[in-house]
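Please go through the structure shown here.

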Amino acid sequence: MPRARLSRSGWAGFAIAGLLALGVSAYAARYPIVGPPAFAAGLRDSFLRHPWAIYVHAGFGAVALGVGFIQLNPAIRSASYGLHRWLGRAYATAAILGGAAGLYLAPYADTGPIAATGFGLLAVLTMLTTAAGWIAIRSRRVAAHRRWMIRSYALIFAAVTLRIELPLLIMAFGDFVPAYRIVAWLCWVPNLLAAEWWLRRAGARMPPELGGAAA
Ligand code: HEM
């Protein structure tokens with residue numbers, strides 16, 4: 001994704017997504033730093049039963065969301081390949097550990113099995129896509145690495161979309177329960193579809209070594 005290929009509106013969208021990612025990352029980082037006073041009111045009792053799981057989940061999730069966004073920035077990526085590699089290791093470790101803690105927490109999700117299944121599947125796919133991206137670059141398959149990491153970050157970005165969609169769904173339904181069950185799926189399925197759409201569309205314009213149409 002060289003700089004010249006993003007339009008002005010593309011860069012504006014990139015900047016807005018970055019601000020949202022950093023905002024949610026800071027919100028989540030409060031969990032391991034502040035402890036129980038930071039817990040969301042309605043989920044406090046559940047988290048008090050698994051405090052270490054939510055600290056690991058929110059702490060590593062915050063790192064993955066923030067570092068992952070830096071990794072997507074083509075200017076930073078091309079400035080230093082060494083930095084990209086170190087941040088990439090931090091991202092992959094954080095996404096897999098945060099995802100594993102998310103998988104542990106999923107069965108206890110508020111409102112029951114529909115939400116638990118949505119979050120559980122999100123956790124499994126986050127770990128799988130991230131591991132696939134890591135394995136791909138270890139075997140020097142750059143195009144596959146890029147595709148898997150875009151999918152991985154689309155899933156990590158569910159932390160942002162959930163916090164935009166949930167208040168809107170609560171307003172629409174006038175009730176938390178259906179809103180939470182829906183958001184456990186709506187926070188990540190469209191992200192993944194959008195990533196696939198973008199990869200197909202951008203793939204046609206990419207050089208073969210980055211997974212373009214000629215690859
Ligand atoms: C890998 C994808 C993710 C999965 C599967 C996942 C899953 C979960 C689950 C199951 C809960 C508990 C919900 C409940 O008990 O009802 C939760 C809460 C939470 N997660 Fe995640 N999550 C993911 C990504 C992230 C990321 C990237 C962050 C960091 C930005 C994050 C930050 C939080 C926070 C702060 C909470 C506490 C609830 C709140 O204050 O909103 N999660 N997550």
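The sections below cover the model, the ligand and a set of individual residues.

## Basis of the report

This is a predicted model, in which local features need pLDDT of at least 70, side-chain atom pairs count only at pLDDT 80 or more, and totals for chains, interfaces and linings use all residues. Residues are numbered from 1 along each chain as its sequence is written, and side-chain values use heavy atoms, with hydrogens and water left out.

Helices are DSSP runs (H or I, at least four residues), and strands are runs of E with at least two; both are numbered from the N terminus.

## The ligand pocket

The ligand takes up the space of the second largest pocket. A pocket is defined on a 1 Å grid over the protein atoms alone, as an open set of points with protein on both sides within 12 Å along at least five of seven lines; a cavity is a set where a 1.4 Å probe fits but cannot get out, and lining residues have an atom within 4 Å of a point. A molecule sits in a cavity or pocket if more than half of its atoms lie within 2 Å of its grid points.

Helix α3 has the largest share, with 6 residues.

## The shell and its contacts

There are 26 residues around the ligand. A residue counts as near if one of its heavy atoms lies within 4 Å of the molecule. Tyr27, Tyr31, His57, Arg163 and Tyr180 come nearest. By class, the shell holds 20 nonpolar, 4 polar and 2 charged residues. Here Ala, Val, Leu, Ile, Met, Phe, Trp, Tyr, Cys and Pro count as nonpolar, Asp, Glu, Lys and Arg as charged, and the others, Gly among them, as polar.

Tyr27 places a polar side-chain atom 2.3 Å from a ligand oxygen. Asp110 has a polar backbone atom 2.8 Å from an oxygen atom of the ligand. For Arg163, a side-chain N or O atom lies 2.8 Å from a ligand oxygen.

## The iron atom

Which residue is the only protein donor of the iron atom? His57 is, through NE2, at 2.0 Å. Donors are N, O and S atoms within 2.8 Å of the metal (3.2 Å for Na, K and Ca); water is not among the atoms, so sites may look incomplete. His57 is placed in helix α3. That helix also gives the largest share of the shell.

## Buried helix residues

Ser152 is in helix α7 (residues 142–156). Ser152 is buried, at 0% relative accessible area. Buried means under 20%, exposed over 50% and partly exposed in between (1.4 Å probe, protein chains only). The side chain of Ser152 makes a polar contact with the side chain of Thr130, at 2.8 Å. A polar contact is a pair of N or O atoms within 3.5 Å; within protein, one must be able to donate a hydrogen and the other to accept it, and residues adjacent in sequence count only if both atoms are side-chain atoms.

Ala94 belongs to helix α5. Its relative accessibility is 2%, so Ala94 counts as buried. Val67, in helix α3, is buried too, at 14%.

## Helix α6

Is Leu128 buried or exposed? This residue of helix α6 is exposed, with a relative accessible area of 54%. Leu125 also lies in α6, but is partly exposed, at 25%. Leu125 and Gly99 are 26 residues apart in sequence, and their C-alpha atoms are 8.8 Å apart.

## Positive phi in two loops

Most residues other than glycine have a negative phi. Thr111 has a positive phi of about 80° although it is not a glycine. Thr111 sits in the loop between α5 and α6, and counts as buried at 17% relative accessibility.

Arg140 has a positive phi as well, of about 60°, and is not a glycine. The loop between α6 and α7 holds Arg140. At 71% relative accessibility, Arg140 counts as exposed.
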